[in-house]
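Subject: Structure for you to look at

Hello,

Here is the structure I said I would pass on. Please open it and keep it in view while you read the notes that follow.

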Amino acid sequence: MNERHKEPSEIMDDGVEAALSRLTPEKIQAVINSVLKGETGARFKAYMDTCIHCGLCSEACQFFLSRDRDPHYSPVGKVKQTVWPMVKNKGRVDTDFIRRAVRIAHTECNLCKRCVAFCPFGIDIAYLMTVVRRIIHKLGATPLYLQDTAHSHASTMNQMWVKEDEWIDTLQWQEDEARAEIPSLRIPLDKEGAEIMYSVIAPEPKFQAQLIYQAAAIMHVAGVDWTMPSDIGWDNSDMAMFTGDYEIMGRIKRTHFEAATRLRVKKIVMGECGHAFRSVYDTGNRWLGWAQPPVPIVHAIAFYYDLLKTGKLRIARKYSHPVTLHDPCNVVRGGGLHEKARYVVHQLCDNLIEMHPNREHNYCCGAGGGVINCGPPYKNARVAGNRVKAEQLFDAKSRGAHTLIAPCHNCHSGLHDIVHHHGIDLEIKFFSDIIYECMEKPDGSE
Amino acid sequence: MVVSSAWDWSIGEKRVDTKSWTERFLQVQEYQVSADGESVAAIVALDDQAFNVCVNGALWDTPFDKIWRLRFTPDSRATALVSADGQWTLAVNGQTWPESFDYIWHPLVSENGQHIAAAIQQGGRYAMALDGEVWPNDFGTIAYSALSPSGDRTAGAVQVKVADSGQLEAFQEGTFSAAVDGTAWGSTFVNVWHLVFSPDGQHLAAEVRQSLYDYTIVVDGKPWPQQYTCVWAPSFDPVTGHVVAPVRKDGHWKMAQDGELLWQRPFAQLWQQRFSPDGSRLAAIAATAFGRWTVVVDGHPWPVTFAGMVSDLTFSPDGRHIAALAKEKDHWTVVVDGKPWQHRFERAWPPVFAPDGSGSVAVKVEMDGAFTFAVDDRIWPHAFERNWEPFFSPDGRRLLLPTMNQNGYCRKVVEKF
Ligand code: SF4
Ligand code: SF4
């Protein structure tokens with residue numbers, strides 16, 4: 001069968017299949033019950049007891065809307081196919097059930113939390129899906145690509161198996177490149193006592209080193225006192241959060257915060273990434289026992305907002321194309337940065353064509369929650385599961401949008417797949433691409 | 001250990017005109033100051049292609065294509081990682097190691113400053129180099145490099161079996177080990193983190209993961225018989241050689257020793273334990289409850305807790321006093337033996353105890369956007385653009401204060417204030 005037409009239920013994941021072949025009913029039951037009894041509490045019970053199966057949450061979910069309102073894809077439908085039978089049967093479920101649970105929890109829910117606002121009781125389906133993912137982790141049945149990423153996090157403290165020397169070498173290479181344009185530019189390594197530690201996700205040194213170049217140029221032009229760590233802790237990303245391996249999540253977040261405390265910076269500025277923000281700002285710090293991040297976290301959107309608002313960055317000429325803006329779930333519903341994002345857009349561009357719904361009511365890109373990190377086996381199903389986003393993008397395009405700003409790495413990649421699949425002619429950019437292109441640069445820069 | 005008795009402890013100031021450096025050189029990078037305060041140095045750009053190190057106004061003999069990680073050793077020698085013709089090595093006072101490498105990073109210095117190690121990469125293979133001499137064996141990766149306190153042994157977490165990306169089962173069977181002086185332990189683990197040498201350098205302990213779920217402590221390649229849901233970095237008792245580490249079970253953290261519980265009391269978090277120099281006391285940073293941080297001494301928390309964070313746990317040399325930094329909202333303070341100072345700081349650096357048994361603590365701090373010093377909750381009345389951590393004289397009566405303002409660098413020795 002052509003990969004393109006595979007039903008989600010027909011997708012084979014070698015990592016999942018290998019794990020299922022090792023499982024016994026006793027093991028499955030023991031793991032489910034140990035997680036449900038040992039790791040959930042009042043919140044889980046309240047959600048279980050409160051849901052009246054009304055289905056009002058369905059309208060929230062991009063998978064439900066994109067899959068012709070198939071109730072299997074509704075938020076409550078996902079719970080009905082995973083958590084409820086686990087609870088009702090006291091963990092006695094078979095490997096076919098677990099295979100389906102993997103597919104649903106890992107690839108048909110972005111943990112985007114849009115449905116929370118649609119539920120009259122505020123039930124957080126994303127939380128329930130993370131409980132399922134935790135069980136899957138304990139069963140060793142996490143999708144292969146995502147699990148490999150968690151292995152990378154555990155081994156290297158970064159997402160992409162970047163070795164210690166490769167990281168430093170990349171920064172020095174980007175500094176060299178950037179000095180050809182701005183001769184006095186530096187990427188200051190290990191500058192103890194700098195105001196800001198700038199952290200990124202590992203795809204930047206691995207594939208998108210120009211983003212580090214651009215960040216360095218922005219920091220230089222704005223006169224920011226900044227540094228990057230040469231040691232581990234430079235990567236703020238966190239796929240372990242999405243595999244349910246909270247012990248590794250805690251370890252990599254601790255490493256990140258300790259890099260900042262070792263350098264005695266006042267705050268951490270992080271690049272344009274959404275899931276990393278969720279991990280650093282909310283989930284990872286809490287697992288470690290910090291109610292708030294121990295070092296203040298500033299997402300790139302808020303950072304650019306401050307630089308533009310205070311005049312530290314000035315725009316030489318506005319971006320000439322009409323733009324539309326994607327609101328990444330983790331920084332908008334999770335961090336309330338939607339108005340700051342619009343301020344930044346308006347400083348850079350004259351013509352913002354809004355998608356609807358937007359701001360905290362946005363539709364997820366479909367990549368978030370680790371879904372895109374489940375890799376190629378699920379790509380077509382993922383794109384098909386977000387037709388509503390494609391429709392939004394088509395609509396923005398038909399009203400004149402030329403460029404799609406997506407201030408999040410996962411959104412970037414997910415939207416790229418949608419745009420490409422549907423042939424929507426939108427150029428996708430980060431804020432930093434446009435800021436770098438349009439900002440005033442010092443005299444003498446080439 | 002730093003031998004500070006030979007330093008110049010006469011009251012007064014010594015200045016270095018660093019101001020002129022900015023006119024002499026195209027670029028002056030971060031200043032570094034030697035432990036004895038006598039030398040100030042910076043990496044300087046001579047032109048677009050050439051860098052050098054300037055120490056008290058004098059350049060090293062040879063410039064390099066690239067230089068980074070300039071630091072002074074405890075015995076006040078300037079070291080940096082340097083590159084010429086695409087090859088990297090380490091330079092001490094301008095003298096490079098004879099060997100050079102495709103890359104070098106993570107320099108480590110022995111307590112007396114005499115020995116320097118670093119991680120190196122040559123032809124895509126990884127090892128450690130100690131005083132320029134490379135391990136006899138190399139590995140596919142290296143991380144968590146470590147140097148024994150006296151500087152005679154090196155170690156690193158190394159990958160000894162190949163598991164290509166995506167080979168989940170091969171990875172989960174265990175591909176990592178630790179290598180000491182280039183020889184890997186016979187045992188492998190899913191992951192190996194945070195290698196710690198015993199004070200005499202004879203033993204090496206590490207955190208390991210034996211499966212995706214089972215964590216423990218390994219000493220010289222041999223795991224503790226008990227497994228936990230998580231562990232943090234171990235420490236050696238400096239007297240008995242016992243190994244302690246925070247371990248997690250049933251959602252709580254406890255302190256364990258050689259696999260047995262040492263502290264019965266559970267904590268929401270527990271890490272960064274330190275022994276007193278005589279090994280008689282063990283203290284750690286802990287969260288007694290979610291979001292409430294403090295110091296725990298021999299299992300008993302201080303009566304004060306802080307919402308932000310607690311860091312830089314430090315024993316006095318006689319082991320009788322403990323100081324730490326604590327953060328509440330956006331401000332730091334210093335806490336000594338459970339009592340917080342009144343003053344609040346934008347930032348604070350590690351507490352420094354007087355060596356005379358008085359329990360006096362000096363700290364580099366930032367207040368109102370400028371840097372100064374605080375001693376026992378009193379603030380030095382002058383502020384600086386930059387300063388470095390204070391140092392007590394051997395009798396505890398004087399303080400060495402390295403400072404910098406627009407006129408340049410100044411090494412001050414003052415009476416303890
Ligand atoms: S969290 Fe998002 S993706 Fe998951 S069920 Fe709710 S709306 Fe759908
Ligand atoms: S809206 Fe809330 S109560 Fe209704 S089905 Fe969805 S989760 Fe249950």
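Start with Asp312(B), which counts as buried because its relative accessibility is 18% and the cut-off for buried is under 20%. Please keep in mind that this is a predicted model. Asp312(B) sits in strand S32, residues 309–315 of chain B. Its phi is near 55°, a positive value in a residue other than glycine.

A second residue of this kind is Asp377(B), with phi near 75°, again positive and again not a glycine. Asp377(B) is found in the loop between strand S39 (370–375) and strand S40 (378–379) of chain B. Its relative accessibility is 17%, so Asp377(B) counts as buried. As background, most residues other than glycine have a negative phi, and most peptide bonds are trans.

Chain A has a peptide bond to look at too. His356(A) and Pro357(A) are joined by a cis peptide bond, with omega about -5°. Pro357(A) belongs to the loop between helix H18 (338–348) and helix H19 (379–384) of chain A.

Now chain B as a whole. It has two helices and 44 strands. Its radius of gyration is 23 Å, close to the 22 Å that the globule rule gives for 417 residues, so chain B is as compact as a globular protein of that length. The C-alpha trace spans about 60 × 55 × 35 Å along the principal axes of the chain. Of its 417 residues, 56% count as buried.

Is Ser177(B) buried or exposed? Ser177(B) is buried, with a relative accessible area of 0%. This serine is part of strand S17 (residues 176–180) of chain B. A polar atom of its side chain lies 2.8 Å from the backbone oxygen of Ser187(B), and a polar atom of the side chain lies 3.3 Å from the backbone oxygen of Trp185(B). Leaving aside neighbours within four places in sequence, the residues in contact with Ser177(B) include Gly156(B), Val160(B), Ala184(B) and Val192(B).

In chain A, look at helix H1 (residues 14–22), whose buried residues are Gly15(A), Val16(A), Glu17(A), Ala19(A) and Leu20(A). What covers them includes helix H7 (95–107), H8 and helix H9 (144–156) of chain A, together with helix H2 (168–172) of chain B. At the start of H1(A), a side-chain oxygen of Asp13(A) comes within 2.9 Å of the backbone nitrogen of Gly15(A).

A search of the whole structure finds 10 cavities of 30 Å³ or more. The largest cavity has a volume of about 130 Å³. It is lined by 16 residues, and the closest to its centre are Cys51(A), Cys57(A), Cys119(A), Ile123(A) and Ile125(A). By class, this lining has 15 nonpolar residues, one polar and no charged.

The second largest pocket holds about 1300 Å³ of space. Of its 38 lining residues, the closest to the centre are Glu39(A), Tyr127(A), Tyr246(A), Thr283(A) and Trp287(A). Among the elements that give two or more residues to this lining are helix H14 (246–263) of chain A and strand S25 (243–249) of chain B. H15(A) gives the most, with seven residues. The lining of this pocket divides into 15 nonpolar, nine polar and 14 charged residues.

Regards

Conventions: Residues are numbered from 1 along each chain as its sequence is written. Chains are lettered from A and ligands numbered from 1 in the order in which they are written. This is a predicted model: local features need pLDDT of at least 70, side-chain atom pairs count only at pLDDT 80 or more; totals for chains, interfaces and linings use all residues. Side-chain values use heavy atoms; hydrogens and water are left out. On a 1 Å grid over the protein atoms alone, a cavity is a set of points where a 1.4 Å probe fits but cannot get out, and a pocket is an open set with protein on both sides within 12 Å along at least five of seven lines; lining residues have an atom within 4 Å of a point. Grid points are joined across faces, edges and corners, and a volume is the space filled by probe spheres set on the points. Ala, Val, Leu, Ile, Met, Phe, Trp, Tyr, Cys and Pro count as nonpolar, Asp, Glu, Lys and Arg as charged, and the others, Gly among them, as polar. Helices (H or I, at least four residues) and strands (E, at least two) are DSSP runs, numbered from the N terminus. Buried means under 20% relative accessible area, exposed over 50%, partly exposed in between (1.4 Å probe, protein chains only). A polar contact is a pair of N or O atoms within 3.5 Å; within protein, one must be able to donate a hydrogen and the other to accept it, and residues adjacent in sequence count only if both atoms are side-chain atoms. Contact means heavy atoms within 4.5 Å. The radius of gyration is taken over C-alpha atoms; the globule rule is 2.2 Å times the number of residues to the power 0.38.
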